[in-house]
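Open your viewer and get ready to select a few residues at a time. We will go from stop to stop, and each one tells you what to pick and what is there.

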Amino acid sequence: MSSRLASHAQGKVFVDEVFDAVAAVGRATTQFGKANVLNATIGSLCDEQEKLVLLPTVENVFRNLNSDDIAGYASVRGFPEYLSAAIEQTFKNSKPDAYIEAVATSGGTGAIHNFIWNFSNLGDAVLTHDWHWQPYSVLCSDIMRRLETFAFFDENQKFNIKSFESKVRELIAKQDNLVIILNTPNHNPTGYSLTDAEWDQVIAVVNQNATGKKTIAIMADIAYIDYAADPNQCRTFMKKFDTLAPNVFGAFAFSMSKGFTLYGQRMGALIGVSKDKQAIDEFVNASVITCRTRWSNLSRAAMRTLAEIYKDKALLAQVDQERRQYAAILQQRADLFVAEAKTAGLNFLPYTAGFFITIPTDDPVAASNILRQSNIFVVPMAKGLRIAVCAVPVNKIRGLAAKVAESVK
Ligand code: PLP
């Protein structure tokens with residue numbers, strides 16, 4: 001029988017590599033016990049007891065909300081106090097000298113969706129790096145766009161500006177609107193962060209290519225920014241967004257998932273930056289409609305939590321301090337893995353900070369299966385193994401790189 005679905009919905013099957021690996025972890029844990037299983041699959045921060053981290057001050061503020069804030073509807077665009085807090089948290093000392101507006105979204109995912117929807121046309125290509133968070137692809141295909149990629153790294157394992165430039169040129173020659181998504185700093189899955197000099201090159205390329213009736217919309221997906229070693233230095237690139245050409249729209253995908261450990265509350269914001277007031281107004285108007293039709297409005301509790309934290313600078317300092325402690329543990333895990341990888345001669349992609357380290361390999365599934373025999377669970381991606389150091393305690397990281405090196409031989 002032919003499908004009951006409309007043609008655009010037919011043949012869609014969601015394959016989630018991460019959750020398959022998570023299920024395998026569950027089975028192994030039941031059979032062999034937690035102590036004997038190394039779970040490097042999950043993209044959430046866990047403490048040294050392998051328990052999901054919820055920052056204590058965030059939890060405290062959340063649990064003390066009144067019943068209206070727990071049960072009530074929020075506004076479609078999001079509370080002004082939430083939106084201004086999201087903007088402050090995004091830019092800190094590096095606010096561009098431009099119009100900046102935010103619209104609340106369902107996590108960073110919702111921000112990315114709204115951005116693609118409103119800045120590209122049906123059938124358009126959307127550009128990102130070859131190493132990327134897998135959902136970018138379905139976020140495009142589900143709304144009848146397609147994801148195209150450039151090579152993220154050159155032969156020196158630096159940002160591949162030549163590949164970026166040639167792909168921008170190729171796509172903008174074929175379409176009037178081009179959406180570009182760069183996941184930095186602390187990229188998923190490599191942990192790479194573009195330097196300020198690399199951002200200068202990126203901005204020069206987009207500015208040169210957005211002329212006449214061609215427009216480019218460029219987004220920094222900053223999901224992991226709050227785990228950078230220096231909160232100010234990792235944001236200096238943002239200031240450069242006020243040098244975007246008139247035909248370039250800048251955006252940031254803000255998320256409370258990682259930075260405030262509220263993954264399941266699904267709270268984020270799409271933040272737009274432009275020197276042109278009309279462009280910013282258009283952005284807000286179109287985005288609010290997308291919010292209204294996709295999810296109506298979002299978690300009032302999560303929005304209020306961020307607003308309350310920002311209302312009291314002592315609370316904000318406390319959250320920063322708690323996060324810094326966990327970021328230090330994360331760094332300790334990554335440092336240990338990196339040191340042992342070097343000793344074991346294991347090649348890994350350049351890591352600055354963030355939740356994951358990636359090992360490039362020709363046959364990731366085979367390598368992952370070898371590791372599974374030792375109850376080590378990682379995520380096989382298209383071109384490598386993703387190791388979630390965010391979830392593995394230091395004592396289990398010890399010796400891991402040598403085993404991974406064996407698996408990719
Ligand atoms: N961007 C990247 C690179 C991610 O890894 C994630 C989540 O894992 C997100 C965006 C979106 O997260 P959320 O929708 O929970 O904010």
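Start by selecting β7 (248-255), which gives the most to the lining of the largest cavity, with three residues. Strands here are DSSP runs of E with at least two residues, helices are DSSP runs of H or I with at least four, and both are numbered from the N terminus. A cavity is a set of points, on a 1 Å grid over the protein atoms alone, where a 1.4 Å probe fits but cannot get out; a pocket is an open set with protein on both sides within 12 Å along at least five of seven lines; lining residues have an atom within 4 Å of a point.

Before moving on, note that this is a predicted model: local features need pLDDT of at least 70, side-chain atom pairs count only at pLDDT 80 or more, and totals for chains, interfaces and linings use all residues. Residues are numbered from 1 along each chain as its sequence is written, and side-chain values use heavy atoms, with hydrogens and water left out.

To see the whole lining, select Q89, T90, I222, A223, I225, D226, R235, A253, F254 and S255. How much space lies in the largest cavity? About 50 Å³, where a volume is the space filled by probe spheres set on the grid points, joined across faces, edges and corners. The structure holds one cavity of 30 Å³ or more.

Ala, Val, Leu, Ile, Met, Phe, Trp, Tyr, Cys and Pro count as nonpolar, Asp, Glu, Lys and Arg as charged, and the others, Gly among them, as polar.

Next, find the largest pocket, with a volume of about 950 Å³. Select D16, V18, F19, W133 and P135, the closest to its centre of the 32 lining residues. Then show α1 (17-32), α5 (107-119) and α6 (135-141), the elements that give two or more residues to this lining. Its residues divide into 16 nonpolar, ten polar and six charged.

For the last stop, select helix α10 (residues 300-311) and helix α11 (residues 313-344), whose axes come within 5 Å and cross at roughly 110°. Axes are lines fitted to C-alpha atoms, for helices over the stretch in contact, and angles run from 0 to 180 degrees between N-to-C directions. That makes α10 roughly perpendicular to α11, a label for angles of 65 to 115 degrees. Zoom in on E308, I309, Y310 and K311 in α10, which meet K313, L315, L316 and V319 in α11; contact means heavy atoms within 4.5 Å.

Definitions and conventions:
Parallel < 35°, antiparallel > 145°, perpendicular 65-115°, else oblique.
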